Amino acid sequence: MFDYNQAVAIDVNHLAAINNIGFIKYEQGDKKTAIKQWQQAVEIDDQFAEPTLALAVALYFQGEKQTAYQLAETALKLDKSIADFYAMKKNFWGQCMITDAQKFLSTPHMKVLLSQI
């Protein structure tokens, strides 16, 4: 994580570093910081599906279901492959994040959305 923090210190808009810090924080149980990281990533580039879906998953488990569904729809329209668990693993999503994403994407609302996109 030190390298990511250094990257952000050099470039406050370093999207990959900000996004990855979010994943690390989520795995460490610091979901509030993870959410802030992903919100920042989405503000920098709202066309980057990965932090948008990660933010959706995190917010869903914080009880912000409607916002989560809207963000997930946006992310999936940008890149449907982001919902593939193999892709998540390939992109170094941690086990806690993948497990939560599986639960989120298995909700009835998300199953309908995935079938429509």
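Trainee: Is the crossing of α3 and α4 left-handed or right-handed?
Mentor: The α3–α4 crossing is left-handed (near helix turned anticlockwise from the far one by less than a right angle; right-handed if clockwise). This is a predicted model, where local features need pLDDT of at least 70, side-chain atom pairs need 80 or more, and totals for chains, interfaces and linings use all residues. Residues are numbered from 1 along each chain as its sequence is written, and side-chain values use heavy atoms, without hydrogens or water.

Trainee: At roughly what angle do the axes of α3 and α4 cross?
Mentor: Roughly 145°. The axes (lines fitted to C-alpha atoms over the stretch in contact; angles run 0 to 180 degrees between N-to-C directions) come within 9 Å. Helix α3 spans residues 31-44 and α4 spans 49-60 (DSSP runs of H or I, at least four residues, numbered from the N terminus).

Trainee: Which residues of α3 meet α4?
Mentor: I35, W38, Q39, A41 and V42. Their partners in α4 include P51, L55 and L59 (contact: heavy atoms within 4.5 Å). The contact has 9 nonpolar, 2 polar and no charged residues (nonpolar: Ala, Val, Leu, Ile, Met, Phe, Trp, Tyr, Cys, Pro; charged: Asp, Glu, Lys, Arg; polar: the others, Gly among them).

Trainee: Switching to α4 and α5: how far apart are their axes?
Mentor: 8 Å, at about 160°. The two helices are therefore roughly antiparallel (over 145 degrees; under 35 is roughly parallel, 65 to 115 roughly perpendicular, the rest oblique). The contact of α4 with α5 has 12 nonpolar, 3 polar and 1 charged residues.

Trainee: And at what angle does α5 pack with α8?
Mentor: About 25°, axes 11 Å apart. That makes α5 roughly parallel to α8. Y69, A72, E73 and L76 of α5 meet H109, M110, L113 and L114 of α8.
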